[in-house]
Amino acid sequence: MLRYWIVCVVLLCFHWIADTDASSNYPQSLRHHGPQNTSLSHHERTTRGIRTAVSNKPTERCYGTFGCYSVNRPWTSSNRPINNFPEAPEIIQPAFCLYTRHNRSRCQNLVTGDVNSIQRSGLDSSRRLLFIVHGYLEHGNKKWIKRMVEEALIYDNINVVVVDWVSGSGPPYTQAVANIRLIGVMLAHLLLFLHAQFQVPTENCHITGHSLGAHLAGYAGQYLRDRGHMLGRITGMDPADPYFENTEPLIRLDPTDALFVDVIHTDAGPILSGGLGMMQPVGHIDFYPNGGVRQPGCGTSVLDSIEKERGSVLYGLSRFIGCNHLRSVEFFTESFNSACPFLAVQCPSFEDFLEGRCHCGTNACHRMGYSADHQSVVPSTGLNWPGHQPTDEPIQMYLLTRDDQPFCLYHYRVTIVISDTFESVQHGGDRGWLSIQLHGHNRSSPPTRLTPENVRFEPRRAYSYVLGSTWLGDIKSVTLVWTYSSSVFNPLTWRILTVPALHVNRIIVHNLESNSSTVICGEDTPISSKESRQMFPDSKCRHQSWLPAAGSFPFPTEDTGANGLRKSGKRSRRLLLG
Ligand SMILES: [Ca+2]
């Protein structure tokens, strides 16, 4: 709730923040704030060479060639109680500014209908176009946009166009929500112009939008589709939740808006809980890094955020509020040139993913970020683009990240098999928690507690956990520490006549990125509480009849009762090895 109230306060002063870091290398003509042209006739306006006839009805407003905009249902509903018309095109005046490898510092304005502006700009019509669209209270000269442009041009020789709609992105929120309908159409007009005059296929165009910018991209794609063209790709970076969650596909980003729609959710949840982004899947593939709701490194105290902004209260508050929401942008930006693949796994839920129930052997694995349109990095059921068709069932994918740059992590699924020997079965289960350290060819992970809460480990069962880590190389050994835990209030956890112990048959470490497994032998001998036991790979671990052949993968999770966490109703948390 604290975060909600801070959101309200900061939204009032954020516009000032947004304007203050506009740097001088941006064309002055684009610094167009507010309704300077309100003296224009309501019947005819002229903008950038395009004459827009305006006609007004109580529930509809028309802007000539850009069409009519209704506020009737479904635009007004219980999810959207207040509705505005888009402001006039000459008030909003979005700018489309091109960066290329030959021109990385000062962008060139692309004007719809002006052939000379395109010819002068340096646009290479044979190369792909990436459009970057900001969200509410922002502008096209934000630092994150500049960084994204730089990384994109390092990665590939493409055309990068920044869509600046600063004059329409200010408060109130409902006006910005209305404005993106028109700006999406104006962007589509530019694409149709480039297609008609410069033979730029709309399938070669990729729009990536943050927050409201994601839905703006959806409107552009829908406008093209309605006219027989298909946008190649939309990447929604944490699409805005208020006024869009649980609305019709016409109103929000959806898979029909482009040939391929991928979405990164990082601040999912209703505004009352502090979330600014959507939880609802709205693409062909929806990525939920770290579960999509809270990101590691965010959600620290307001004072910490202010301190990180060198004492600036306003910037500290904006960092506190926007941290989760902007993390989607940071992930996408890092993905351009990261050697780490941002591998994500399709799974019914984040909890299932953390418990190792989903893996690339049976589930689709896919890269998150710019390379999401390439084939999967593992020989699995990855999707191809272009050519991927919209499906009715959304594909939800999960992955773990670090709390700071570089964010990308590798995933290790650790499966601990408790022995079925006579000694182990006779001893029975014990409660406690596990800590593990993986020793790889490149480096060792720090010791990490596997079980956030104590768990009862039963003989003849397997327990899986997914860990995020920097790349360790081939696994050479594992150090396991098991700590017994009992409750004075629960006699079932007491061990009076025997010493607490854990009998480990083997530990299977499976790297999701390389799809390779290492079997570590536990030798079935008892591990006493707080004993540190180092174990090594051995292909001749004693076989247990209920297990598949040693080293085979995917490893069976048997049924839900085979996992002590599931049976006890407790969930594992995200675990990072650092
Ligand atoms: Ca749509």
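Two bits of housekeeping first. Residues are numbered from 1 along each chain, following its sequence as written. Because this is a predicted model, local features need pLDDT of at least 70 and side-chain atom pairs count only at pLDDT 80 or more, while totals for chains, interfaces and linings use all residues.

Let's start with the whole chain. The protein chain has 11 helices and 26 strands, taken as DSSP runs numbered from the N terminus (helices are H or I with at least four residues, strands are E with at least two). Of its 578 residues, 46% count as buried; buried here is 20 or more other C-beta atoms within 10 Å of a residue's own, exposed is 12 or fewer, partly exposed is in between, and C-beta atoms are placed from the backbone.

Now the sheet. In what order do the 11 strands of the open sheet stand? The order is β6-β5-β8-β7-β9-β10-β11-β12-β15-β13-β14, with mixed pairing; two strands pair if DSSP finds at least two bridges between them. At the edges stand β6 (103-110) and β14 (365-367), each with a single partner strand, so one side of each has no neighbour in the sheet. On average, neighbouring strands are turned by 25 degrees against each other, direction ignored.

Let's step along it. β5 (residues 95-100) and β8 (residues 159-164) run antiparallel, joined by five bridges, and Cys97 stands opposite Val162 in β8. β8 and β7 run parallel, again with five bridges, and here Leu130 has Val160 of β8 as its bridge partner. On to β9: five bridges join it to β7 in parallel, with Leu129 partnered by Cys205.

β7 itself is mostly covered, with five of its five residues buried. Leu129, Phe131 and Val133 point one way, Leu130 and Ile132 the other.

Five of its five residues are buried, so β10 is largely enclosed by the rest of the structure. Arg233, Thr235 and Met237 lie on one side, Ile234 and Gly236 on the other. β10 pairs in the parallel sense with β9 (residues 205-210) over five bridges, and Met237 is the bridge partner of His210. The chain gets from β9 to β10 through helix α6 (residues 212-226), in a right-handed β-α-β crossover; right-handed is when, with the strands pointing away from the viewer, the path from the first strand over the helix to the second runs clockwise.

Finally, helix α4. β7, α4 and β8 also make a right-handed β-α-β unit. α4 (residues 143-155) has 13 residues and reaches 18 Å from first C-alpha to last, close to the 18 Å expected at 1.5 Å a residue, where the expected span is 1.5 Å times one less than the number of residues. Which residues of α4 are buried? They are Ile145, Met148, Val149, Ala152 and Leu153. These cover an arc of only 125 degrees around the axis, which puts them on the same side of α4; the arc is that of the directions from the helix axis to the C-beta atoms. The face turned away from that buried side carries exposed Lys143 and Ile154.

Notes
Axes are lines fitted to C-alpha atoms, for helices over the stretch in contact, and angles run from 0 to 180 degrees between N-to-C directions.
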